[in-house]
Every structure is written in C-alpha cells, then in structure tokens.
Amino acid sequence: MKFTFVTLFPNLIEPYFQDSILKRAIDSNFIDYEFYNPRDYTTNKHLKVDKQMISGGAGMLMTPQPLFDCLDEIKSKNEDAYIIFPLAAAKPFNQNDAKRLAKKKNIVFVCGRYEGIDERVIEKYANEVFSIGEYILTGGELASTVMADAISRNVEGVLGNADSLVMESYENNLLEAPSFTKPENFQNLSVVKEFLKGNHSKISDLKNGLSICKTRYFRPGLVTNKKTK
C-alpha cells in the first residue's frame with residue numbers, strides 16, 4: 001500500500017510516519033508514502049496556486065491548473081491511483097471505509113488549503129470524498145493523515161497481530177468495552193471483578209454488555225445489530 005499526498009505542506013504530514021507502528025510498517029515494506037507539491041506544477045511566474053473566488057467572498061481557492069497537471073502526472077505513473085479529497089462537504093469517513101480502502105494499492109489524498117479547491121478539480125479527479133467530522137480545519141493535511149492511519153492499521157501485517165483488529169470500536173457497530181491492566185486496585189479504583197476469574201465465556205458476555213451500554217450512552221445514533229436489542 002502506498003499513500004500519495006498532494007500538499008503544499010508535506011512537513012505537516014511526514015513526521016507522523018517517523019515513529020511507532022507506522023514507521024515499523026514502512027521499514028517492513030507494508031506501507032509507503034510520497035509527496036507531490038502543486039506549487040511545482042504551477043505555470044504562474046510567482047508560483048501562486050490560489051485565486052479569488054468568482055462568486056466573491058472572503059478567502060482564496062486553489063486553482064485548477066496546478067492540480068490538473070499534478071494529478072495527471074500521478075495517474076500517468078500509476079494506473080492504480082485512487083484519488084480521495086478530504087472535504088467538509090462530504091460523507092463521513094468510518095471504520096468500514098478504512099477496512100475497504102486498505103485493499104487498494106495506491107491512495108492519493110489531495111489536501112486543500114485556503115478556502116478549499118476549485119470544484120472542477122474534484123469533479124474531474126475524485127474517486128471518493130470524505131469528511132472526518134463536523135468541524136472545519138485549516139487544510140486537508142490533518143484529515144488525510146487521520147485517514148491514512150486508520151487505513152494503514154487494516155493493511156495486512158501492519159499491526160503484527162491481526163487479532164488486535166477484532167475487538168475494537170465500531171466492529172459490529174459497537175464501541176469497544178472498557179479494558180484494564182494490573183494492579184487490580186489502584187487508588188481505590190478496582191478492576192471489574194468478573195474479568196479476574198478466568199471464565200472466558202462470562203468475560204465475553206460481560207464485555208459485550210458493557211460495549212452495548214457504552215454505545216447506547218455515547219453513540220445512540222449508531223446502527224446496531226441484533227445483540228443490542
């Protein structure tokens with residue numbers, strides 16, 4: 001799996017891949033990443049990549065020409081390029097999307113800046129568009145990194161132990177049950193006693209019940225399966 005980031009600010013993204021799980025995944029060739037800067041493709045003599053919006057309003061938009069030329073080059077080099085635009089006006093990104101996209105060979109994230117991207121770029125090149133939440137960011141870099149992280153975890157080999165993916169939040173439309181470590185009592189706060197008794201069937205049932213309670217409290221709007229009825 002290769003991630004391609006189209007961004008004016010690669011330094012906002014690259015450090016995230018330099019430590020921990022994602023660095024080990026890169027070192028083991030499970031994932032890779034690269035950057036393309038639209039400013040390298042602009043024909044503007046001042047290297048500008050933005051202009052005022054035709055309809056008026058505050059702020060500037062990224063213009064089509066640099067992004068058209070940049071994305072054309074990416075597609076010419078890799079026929080597997082799957083282009084995603086992080087946008088506020090888009091469908092929510094979720095765990096099922098992360099699992100599905102982990103099967104792609106090359107995901108291209110196009111990171112907007114200023115007031116966004118000329119809509120013609122999105123219409124011509126987007127395979128999908130996603131929002132990571134109901135709020136506005138200053139650019140698409142953070143949203144792209146969030147999605148790349150979520151996708152990477154579902155690429156085979158990245159986590160080492162595939163079982164790590166089994167009992168996580170949003171599997172079966174449930175939030176993950178509480179987890180604990182030793183000591184059993186810390187500052188008068190105790191572990192759920194049933195977790196200590198070794199009866200795996202009862203522990204599984206208890207965790208499922210706690211997961212249902214947590215989901216109903218924090219995310220009542222989640223589509224639930226039969227276990228929650």
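Okay, let's start with a question: which residue does Lys77 form a salt bridge with? The partner is Glu73, and the closest N and O atoms of the two are 3.0 Å apart. Before I go on, please keep in mind that this is a predicted model.

So, why do I say that Lys77 and Glu73 sit about one helical turn apart? Because they are four residues apart in helix α2, which covers residues 64–77. As a general point, an α-helix has 3.6 residues a turn, so residues three or four places apart point the same way. As for how open this pair is, Lys77 counts as exposed, at 58% relative accessibility, while Glu73 counts as partly exposed, at 28%.

Let me show you two others. Take Lys2 and Glu34: their closest N and O atoms are 3.4 Å apart. Here the two ends come from distant parts of the chain, with Lys2 in strand β1 and Glu34 in strand β2 (residues 32–36), 32 residues apart. Both are partly exposed: Lys2 has a relative accessible area of 25%, and Glu34 has 23%.

Then there's Glu128 with Lys91, a salt bridge at 2.9 Å, N to O. Glu128 is in strand β7 and Lys91 is in strand β5, so this pair ties together parts that are 37 residues apart in sequence. Is Glu128 buried or exposed? It's buried, with a relative accessible area of 7%, whereas Lys91 is partly exposed, at 41%.

Now let's go inside. How many residues make up the largest nonpolar core? There are 26, and those with the most contacts inside it are Phe3, Phe17, Ile31, Phe109 and Ile151. If you want to find it on screen, the elements giving two or more residues to this core are β1 (2–6), α1 (20–27), β5 (81–92), α3 (95–101), β6 (106–110) and α5 (141–152). Of these, α5 gives the most, with four residues.

Click on Phe109 for a moment. Leaving aside residues up to four places away in sequence, Phe109 touches Phe3, Thr4, Phe5, Val6, Ile84, Ser144, Met147, Ala148 and Ile151. Apart from this core there's another, of 19 residues, and among them are Tyr36, Cys70, Ala81 and Phe85.

Back to α5, then. This helix has 12 residues and reaches 16 Å from its first C-alpha to its last, close to the 16 Å expected at 1.5 Å a residue. It's mostly covered, too, with 10 of its 12 residues buried. Those buried residues include Glu141, Asp149 and Ile151. What do they pack against? The answer is β1, α1, β5, α3, β6 and β7 (128–131).

Last stop: Gly112. UniProt, in an unreviewed entry, lists Gly112 under "binding site". You'll find Gly112 in the loop between β6 and α4 (119–125). At 12% relative accessibility, Gly112 counts as buried, because the cut-off for buried is under 20%. Not counting residues up to four places away in sequence, Gly112 touches Met62, Ile117, Gly139, Gly140 and Glu141. And Glu141, you'll remember, is one of the buried residues of α5.

Notes
Residues are numbered from 1 along each chain as its sequence is written. This is a predicted model: local features need pLDDT of at least 70, side-chain atom pairs count only at pLDDT 80 or more; totals for chains, interfaces and linings use all residues. Side-chain values use heavy atoms; hydrogens and water are left out. A nonpolar core is a set of buried Ala, Val, Leu, Ile, Met, Phe, Trp, Tyr and Cys residues joined through side-chain atoms within 4.5 Å. Buried means under 20% relative accessible area, exposed over 50%, partly exposed in between (1.4 Å probe, protein chains only). Contact means heavy atoms within 4.5 Å. The expected span of a helix is 1.5 Å times one less than its number of residues. A salt bridge is a side-chain nitrogen of Lys or Arg within 4 Å of a carboxyl oxygen of Asp or Glu. UniProt positions are given in the numbering used here, feature names are shortened, and annotations may be inferred rather than shown by experiment.
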